[in-house]
Amino acid sequence: MKNSLFRKVFGYNLVLMFLYLIIFLFIIFRAVEVYYKQSLIDLMRNINYKVAMDIEDFYSSRKDFKDLDIHIKKIKKQILSNRHHIKDTRITVLYISAGKIIPIADTDVLVENVILDQPEIKKALEENVGVSFRYSLALRKKMLYVAEKFEVPNIGTFVVRTSCYIEFLDKFIETFGIKFILYILIMILIGILLAFLFSLSITMPVKQLISLIDKISQGNFEQRINIKRKDEIGILAQRFNKMIDEIKNLTSSLVYEKEKIKNIFLSIQEGIALINKDGKILLFNDKFKKIIGENLEDGYDIKNINFKQLNSLIKEFLQEGKLITKKIELNGSYYFCSISFMTEEEFVVLLYDITEYEKLQNLKEELTSCIVHDVKTPIMNIRSSTEILQEKLANIKDYNLLQKFFDIIFSNINRINLLVNNLLLFSKIENKGLDLNIELVDLKKIIDDLEIFFKSRLEQKGLELKLEIQKNLKPIKADKFKLEQAFINIVDNSIKYTDKGFIKVTISQDEIKTYIEVEDTGIGIPEEFLPKVFDEFFVVDRLKSAERGGTGLGLAIVKNIIKLHKGEIILESKPEVGTKFKIVLNNEL
């Protein structure tokens, strides 16, 4: 395939060269033949003219043609002395008198009857000169006949015909032809070489051009055609090299723009994919691959993805042909799926993850429900106790009974107060974080206050609060209100999930740290839920949480408060055994 152009060019050159050589050979050969024949004719005519002039002199001196034949033989000998190739020339003279043609001389044989209808004689009589190349039957040789008519004053009209053998001419032409053919063969060899070189001069640049195009098609723009010629091929090479530079610059720009678009595309945090109308995925980012959960690759058919909602949405989009956005569920997560055309043949699928938003919405609903429950229950208790007091206040003489009603009211007020404080702290944590108001804090005082705070609830559930506090406990530097809130949340959580037994608070101290433990004999927490206990809004069992009360914020607030004090909190729990919170605080912040 690569040599086909060379074969064609070389073949065309050879054909043209052979045609030119054949025409040239024919023309030269014919020209030489005509030249020598014409030279011989001219020579014969010259002889005819000299013979005619001698006849005029001969007749002027004798007044007759007697012995003319002998005289012509002498003239012939003189004329042909240096012309050996026509030494056998015959000269015939015909005299025309009174319309009759009379042969009066023949240099070889004195003829009495000359064939008067020979073509050269007839033509000479009609046109003054007659030439004929023909085969002589009498002599059995190929001859040249040149006849010429002369008008001689005082004598009359006569025809001089000269004839000679032309075998020498044929031999000369034959010899010349052989030599000429040898020369032609040499010229053919030279011509073949020149045609080969000429063909190479045309095809080699083309071959270089084809090779360079192949390399360019593979992305190699560093190659150039090195042709130092000033003809059209050289100009073509220069223009092609310039074109390569322009293509290289253009390709570099396109690659840069493509990479820039691709990087932007891939850096988008949401799942995004470019798909053609046939459903083939042309480009996608890691987020899209993670969402789909398939071993995606370029050219993957979107129809093979087993997500009915997504496939149905794409089908609907292709039918309507306009922007479409809907919420869909994929692998348990929620997404806003937006589909729009990028070109007439390609469209973009954008999956915006709204799972957290949906969770927040659900948590918002649950939190609202929990808050309503946690607020409504204490309010109802307060209201009931107040109504009873209002109705029976005049008849109540037992101080203990009266105190019981007041304890119920204060306990429920404390529950509402704890909820409000938790919501305020959570709001500060979410919006701008918590600040510490550092002061010396007496932990024993906080724990004693807890005993009073939860007295009514402990009695209601029949639980015992055990306190084991190290003697001579030194105050620590901390935020009193926030630590108090943290301990209230921990003890509150223990009371909620402990139906029998006790809640034990232990405090010990060394020179650097203070150690607090809150232990209960409650229902405990399954091991798989332990890592999530301190997450916001997390509850182990929503149903039980709704029954016992709780928003899922208490322990999350505790963790943030302890972390803010640069302490640590550890949770240990076993189902049906109980739960223990271990807190370590620095004595100095």
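This briefing walks through a predicted model of one protein, from its overall make-up down to a few single residues. The protein has 14 helices and 17 strands, and buried residues make up 38% of its 589 residues. Its mean pLDDT is 77, with 74% of residues reaching 70 or more. Where pLDDT is low, the predicted coordinates should not be read in detail, so please keep that in mind as you go through the points below.

**Confidence and overall contacts**

- One stretch to treat with care is residues 107-114, where the pLDDT is below 50.
- That stretch, residues 107-114, still has 17 contacts in the model beyond near neighbours in sequence.
- Looking at contacts in the protein between residues at least 6 apart in sequence, 58% of them join residues at least 24 apart.

**The five-stranded sheet**

- An open sheet is built from 5 strands in the order β12-β14-β15-β17-β16, and its pairing is mixed.
- At its edges are β12 (464-469) and β16 (568-574), each of which pairs on one side only.
- From one strand to the next, the twist averages 10°.
- Inside this order, β15 and β17 (residues 578-586) run antiparallel and are joined by 8 bridges.
- Tyr515 has Val584 in β17 as its bridge partner.
- Helix α10 (residues 443-453) lies across β12, β14 and β15, and the helix runs at about 170° to β12.

**Two hairpins**

- Strand β4 (residues 141-152) pairs with β5 in the antiparallel sense over 10 bridges.
- These two strands, β4 and β5, form a hairpin with 3 residues between them, and Asn154 in the turn has a positive phi of about 65°.
- Strand β5 (residues 156-165) is largely enclosed by the rest of the structure, because 8 of its 10 residues are buried.
- A second hairpin is formed by β6 and β7, with 4 residues between them; in its turn, Gly279 has a positive phi of about 90°.
- Strands β6 (residues 271-276) and β7 (residues 281-284) run antiparallel and are joined by 3 bridges.
- Within this second pair, Ile275 stands opposite Ile281 in β7.

**Cysteines**

- Leu144 stands opposite Cys164 in β5.
- Cys164 counts as buried because its relative accessibility is 1%, under the 20% cut-off.
- Cys337 has a relative accessible area of 0%, so Cys337 is buried as well.
- A disulfide is a covalent bond between the sulfur atoms of two cysteines.
- With a cut-off of 2.5 Å between cysteine sulfur atoms, the count comes to 0 disulfides.

- Thr498 lies in the loop between α12 (480-496) and β14 (502-509).
- Although it sits in a loop, Thr498 counts as buried, at 0% relative accessibility.
- A polar atom of the Thr498 side chain lies 2.6 Å from the backbone oxygen of Ser494.
- Setting aside residues up to four places away in sequence, Thr498 touches Lys461, Leu463, Asp520, Thr521 and Gly522.

- The loop between β15 (513-520) and α13 (542-548) holds Leu530.
- Leu530 counts as partly exposed because its relative accessibility is 21%, which is not under the 20% cut-off for buried.
- Apart from neighbours within four places in sequence, Leu530 is in contact with Ile525, Leu571 and Ser573.
- Leu530 and Ser573 are 43 residues apart along the chain, and their C-alpha atoms are separated by 7.9 Å.

- Leu14 is placed in helix α1 (residues 4-62).
- With a relative accessibility of 17%, Leu14 falls under the 20% cut-off and therefore counts as buried.
- Beyond its neighbours within four places in sequence, Leu14 is in contact with Ile192 and Ala195.
- The C-alpha atoms of Leu14 and Phe196 are separated by 8.8 Å, while these residues are 182 places apart along the chain.

Methods:
Residues are numbered from 1 along each chain as its sequence is written. This is a predicted model: local features need pLDDT of at least 70, side-chain atom pairs count only at pLDDT 80 or more; totals for chains, interfaces and linings use all residues. Side-chain values use heavy atoms; hydrogens and water are left out. Buried means under 20% relative accessible area, exposed over 50%, partly exposed in between (1.4 Å probe, protein chains only). Contact means heavy atoms within 4.5 Å. pLDDT is the predictor's confidence in each residue, from 0 to 100. A polar contact is a pair of N or O atoms within 3.5 Å; within protein, one must be able to donate a hydrogen and the other to accept it, and residues adjacent in sequence count only if both atoms are side-chain atoms. Two strands pair if DSSP finds at least two bridges between them. Axes are lines fitted to C-alpha atoms, for helices over the stretch in contact, and angles run from 0 to 180 degrees between N-to-C directions.
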